[in-house]
Structure formats: C-alpha cells, structure tokens
Amino acid sequence: MRSVREAVAGFGRAPLLGGLSIGSIAVSLFIVGLFAVAGHNVDRALSGVESRVEVVAYVRDAVDEELVGLAVAEIEAYPEVDEVTYVSKVEALYRASQELTEFSDVFSDLEVNPLPASLVVQLADGSRTPDAAERVAERIEGYDFVEEVRYGREWVDRLYRLRRVVGGGALLLGGSFAIGAVLLIGIAVRMAILARRREIAIMKTVGATEAYIRRPFLVEGLLTGLLGGLLAALLTYGAYRIVDRTLLPLEWVPEWWVVVGLVFAALLGMAAATRAVRRELKRIDVY
Amino acid sequence: MIKLNSVAKAYGRSARALDDVSLHVAKGEMVFLTGASGAGKTTVLRLVHMQTKPTQGEVRVSRFSSSRIRRRELPELRRRVGFVFQDFRLLENLTAAENVAFALECTGTPRAKAGPRVQKLLAQVGLAARARSYPRELSGGEQQRVAIARALATEPLVLLADEPTGNLDERASSGVFDLFRRINASGTTLVMATHDAELIRRNPDVRVIELENGAVVFDSATAAP
C-alpha cells in the first residue's frame with residue numbers, strides 16, 4: 001500500500017515526465033496493436049484464401065480420355081488431395097461463356113474451341129498451403145498429357161509475404177518505440193529517486209532493506225507500463241472502429257491478445273524501473 | 001564490539017585518509033574520537049557503519065566483518081549501529097514524531113506498534129511535548145535530539161555520532177552530551193567524533209582516541225597515566 005501511495009506521489013511530483021513515459025509506452029504498443037489488428041485480419045484473409053487454393057492442370061488437346069481418367073484416380077489418392085474434377089474442352093468453353101458474358105459474342109463466333117481441358121484439383125484440409133500446392137503441382141506436371149499447371153502460387157506467396165512484413169514491421173517499429181519508452185521510464189524513475197535522495201539516504205542509514213527502498217519505484221514503473229498499455233489498447237480499438245466503419249470491415253483481435261499486451265506493458269515498465277533503480281540507488285551514499 | 005585491524009583507507013589513488021589504524025572499543029564503552037579536520041575521524045565512523053570498505057585491513061563490528069559482509073546483510077548491521085550527523089538530517093516535511101516513525105516503518109515495525117514506540121523514544125530524549133513540531137519549529141538542540149531518537153529506534157548496540165554538537169551552542173551541546181551519557185549508561189557503546197577540546201577536558205573519564213593525518217597518535221586507554 002505504501003508503495004502504491006508513493007508511486008502515485010511520484011507521478012504527482014513530475015506529471016509531465018510521468019505522462020511522457022505513459023505516452024511513449026502507449027505509442028509503442030499502439031503501433032504493435034495496429035499491426036496486430038492488421039496481422040489478425042490478414043490471417044483471416046489467408047485462411048479464406050487457403051480454403052480456395054486449388055491446383056489446375058491444363059490438358060493437351062487430343063489426349064486419350066481414358067488415360068486422363070486413370071490419372072484422376074491416381075491424383076485423388078495423393079494424401080494432399082481432396083477431389084479432382086475433369087473439365088472438358090466443351091465444358092471449359094461453356095463455363096467461360098457463362099462467366100464472361102460480355103464476351104459471349106466472341107465465344108459463339110469461334111470455329112475452333114481454343115480452351116484446353118483441365119483437371120481441377122481441390123486440396124484436402126491442412127494441405128492448402130503454398131508448399132503443399134507446389135508439391136502436388138510438381139507431381140502432376142510429370143504426366144505427359146499435362147501442358148501446364150497453375151495454382152495461384154504468386155498470390156498465396158504474396159499474402160504470406162505480406163504477413164511476414166506486417167509481423168516484422170510491428171516488431172521493428174514497436175521495438176524501437178519500446179526502447180524509447182524504457183529510456184523515458186528510466187529517466188522518470190531516476191528523477192523520482194533524486195527527489196527522494198534524502199529519504200533514501202536516511203533509509204539506508206537506519207537499515208531499511210534494498211527491497212523496501214526499491215519497491216515504490218518498481219511499482220511506479222509497473223503502473224506507468226500498465227497505464228500506457230491501457231491507453232494503447234484504447235487507441236488501437238478506436239483506430240480499429242474507425243477503419244472498420246469507413247474503409248473496410250475488420251475483425252477485432254482475440255481478447256487474450258489484449259491481456260498479453262497489458263501484461264507485457266506492465267512488465268516492460270517494471271523492467272525499465274528495475275534497471276534505473278539498480279543504477280541510481282548505488283550512487284546514494286549514507287554520508 | 002568494534003575492532004579495527006591495521007586498517008588503511010585510500011580515496012581514489014593518492015589521498016590516504018587512514019593509514020594502519022588499529023583500535024578496539026569494548027562493549028558499553030564510551031569514546032571521544034578527536035583530531036583536526038581531515039584527520040580521519042569521519043572515515044573511521046564510515047568504516048564502522050560499513051558505508052565504505054577498508055582498502056587494507058579489517059573492520060569488525062559485533063559479528064560482522066568488513067571482509068565478509070554481504071550487501072544484503074548491511075541493513076542488519078545498520079540496525080545495530082545507529083548514526084547521528086552533525087547536521088541532523090531530519091526530513092523537513094515530517095514532524096518530530098513522523099521522523100522517528102519513519103525509521104521504525106522502513107525497518108519493518110508495523111504501524112500500530114510504531115505509535116507507542118515513537119512516544120517512548122521522544123520521551124527518552126526529552127521531547128515528548130514537541131512530537132507534532134516540524135524541524136523548522138525546533139531549536140538545533142531539539143532537532144539533534146529528534147535525530148538521536150531516530151537513531152535509537154532500531155535499538156542499536158552501538159551509536160556513532162559525527163560532530164553531533166558541532167552546530168549547537170554551548171547549552172544545547174551539553175544537553176545533547178548528557179543525553180549521550182545516559183544512552184551509554186544504559187549499555188549502548190558510543191563513539192563520538194568531536195574536535196571540541198573543552199568538552200573532552202570536562203569529561204576526563206571518557207576514553208579519548210586522537211587521530212592525526214590518518215593515524216592514531218594518542219589513546220588514553222593505552223597511554224601511561
């Protein structure tokens with residue numbers, strides 16, 4: 001209780017510095033928070049895309065359909081594969097004219113069907129990753145009758161890369177602000193110690209334990225971190241609501257992420273204070 | 001109770017504050033530590049309070065040794081060795097009673113028990129009536145008494161005082177000194193650094209250790225009568 005009381009008094013002594021410390025933690029975690037929301041939504045998009053990852057193998061013209069039928073059975077036996085559908089040349093043309101109605105004139109005027117037949121391979125659950133798609137594609141390419149295999153690799157890769165960039169960016173930016181926050185909290189705690197120099201010297205003289213002397217400053221760091229974390233959570237939520245309403249629909253991050261963020265902020269504040277206290281208390285002599 | 005064995009203390013590279021000092025203060029003894037400014041009086045007190053370690057030799061206080069004591073044992077030593085400063089070092093924003101209570105609280109006495117203890121300590125130094133006064137409302141002598149009450153809060157075995165009467169007029173000085181006498185009479189070992197020759201002359205029964213340039217040049221306990 002004494003520690004909390006004195007930590008609050010510490011804020012009161014240097015409100016600007018305390019505010020700056022809280023603000024810097026809030027900014028660093030706000031950045032992390034924004035990236036977390038972005039990352040979470042990219043993840044969701046990815047899992048949506050993943051369920052649609054399919055491998056399409058285009059079949060050469062004038063191939064024995066029986067041969068293709070055998071291949072279909074073989075491919076369906078791959079562990080990564082859920083289902084294989086054969087789309088004939090005629091069916092491909094029909095689908096194209098249905099889906100691309102603006103070109104229906106072109107399609108009806110054709111004398112030769114330019115579209116190839118294809119095998120559409122649906123991947124099984126748990127195999128809808130770029131790696132699995134690539135493995136399946138490579139095996140299918142081995143068939144003589146296959147002209148070309150496509151599986152939207154680039155798009156999937158790009159999404160995965162985006163996710164990595166998002167994660168890395170969050171760490172880098174959030175990390176540099178966190179370092180700033182640690183330094184600011186250190187200064188705030190150092191100022192608080194300086195303001196209480198005489199008291200600390202007397203505590204040391206009469207035999208107060210180190211832990212007793214340190215505790216209020218550590219609590220000050222912890223509270224600074226926690227308040228910064230709360231502010232960051234509010235800012236992030238606000239930003240999420242604004243984007244969600246105006247730009248594009250988003251989903252809020254799981255609650256436990258917020259809890260982890262708050263705990264992290266509190267620990268960061270306490271770690272910064274510990275570092276400053278350790279250095280500064282040694283400098284205060286009894287006499 | 002206090003033992004210095006061939007103690008040398010150098011600050012920095014060249015300045016030698018103490019050079020090969022050996023002395024022994026027995027339990028319950030009262031000692032004047034005297035000498036000119038810079039002779040090493042304060043250094044001896046700081047070494048006994050283990051605020052600093054000797055460059056050479058060993059300082060022993062009760063069961064603590066300067067060569068073996070660990071950082072986390074310091075608080076325990078400090079509770080056994082009270083310290084009184086020339087400039088009192090009271091906290092200006094606290095009353096006399098709160099200054100004494102501060103020492104009790106930060107050494108782990110529960111609040112409920114601290115109250116009666118504070119009253120007792122202030123009565124012991126003759127300031128029961130000034131408990132609610134702030135330091136600025138007290139005379140120098142009274143402030144020093146509060147500081148002494150604070151030093152006694154942890155019931156120390158040894159009380160160290162560095163020029164405790166240095167800032168006081170003669171009347172206040174003798175009052176504070178009488179208080180030290182009483183504290184010593186109750187069994188507390190007392191080492192008082194002073195360069196007040198008059199005070200020493202008026203108290204011939206108190207042992208005198210004189211330092212000069214960091215060495216003991218006179219000790220009434222070993223000198224021929």
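Visitor: At what angle do helix α1 (residues 2-13) of chain A and α9(A) pack, and how far apart are their axes?

Guide: Two packed helices are described by the angle between their axes and by the distance between the axes. Here α1(A) and α9(A) pack at about 65°, with 8 Å between their axes. Axes are lines fitted to C-alpha atoms, for helices over the stretch in contact, and angles run from 0 to 180 degrees between N-to-C directions. Helices (H or I, at least four residues) and strands (E, at least two) are DSSP runs, numbered from the N terminus. The crossing of this pair is right-handed, that is, the near helix is turned clockwise from the far one by less than a right angle.

This is a predicted model, in which local features need pLDDT of at least 70 and side-chain atom pairs count only at pLDDT 80 or more, while totals for chains, interfaces and linings use all residues. Residues are numbered from 1 along each chain as its sequence is written, and chains are lettered from A and ligands numbered from 1 in the order in which they are written.

Visitor: Which residues of α1(A) and α9(A) meet?

Guide: Ser3(A), Val4(A), Glu6(A), Ala7(A) and Gly10(A) of α1(A) meet Arg215(A), Pro216(A), Val219(A), Glu220(A) and Leu223(A) of α9(A), contact being C-beta atoms, placed from the backbone, within 7 Å. By class, this contact has five nonpolar, two polar and three charged residues. Ala, Val, Leu, Ile, Met, Phe, Trp, Tyr, Cys and Pro count as nonpolar, Asp, Glu, Lys and Arg as charged, and the others, Gly among them, as polar.

Visitor: How many residues does each chain give to the contact between chains A and B?

Guide: Chain A gives 14 residues and chain B gives 17 residues. On the side of chain A, the elements giving two or more residues are α8 (197-206) and α9 (210-246). The largest share of that side, six residues, comes from α8(A). By class, the side of chain A has seven nonpolar, three polar and four charged residues.

Visitor: Is helix α5(B) mostly covered or mostly uncovered?

Guide: A residue is buried if 20 or more other C-beta atoms lie within 10 Å of its own, exposed if 12 or fewer, and partly exposed in between. In α5(B), twelve of the 13 residues are buried, among them Val146(B), Ile148(B) and Leu152(B). The cover includes α8 of chain A, together with β6 (81-84), α3 (96-106), α4 (111-124), β7 (158-162) and α6 (170-185) of chain B.

Visitor: Where does Val81(B) lie, and which residues does it touch?

Guide: Val81(B) lies in strand β6 of chain B. Val81(B) is buried, because 27 other C-beta atoms lie within 10 Å. Not counting residues up to four places away in sequence, Val81(B) touches Val48(B), His49(B), Val61(B), Pro156(B), Val158(B) and Leu160(B).

Visitor: Is Ile284(A) buried or partly exposed?

Guide: Ile284(A), in the segment after α10 (255-283) of chain A, is partly exposed, because 17 other C-beta atoms lie within 10 Å. Ile284(A) touches Arg197(A), Ile200(A), Ala201(A) and Lys204(A), not counting residues up to four places away in sequence. Ile284(A) and Arg198(A) are 86 residues apart in sequence and 8.9 Å apart in space, C-alpha to C-alpha.

Visitor: How many helices and strands has chain B?

Guide: Chain B has seven helices and ten strands. Of its 225 residues, 43% count as buried. Among contacts in chain B between residues at least 6 apart in sequence, 69% join residues at least 24 apart.

Terms used. Contact = placed C-beta atoms within 7 Å.
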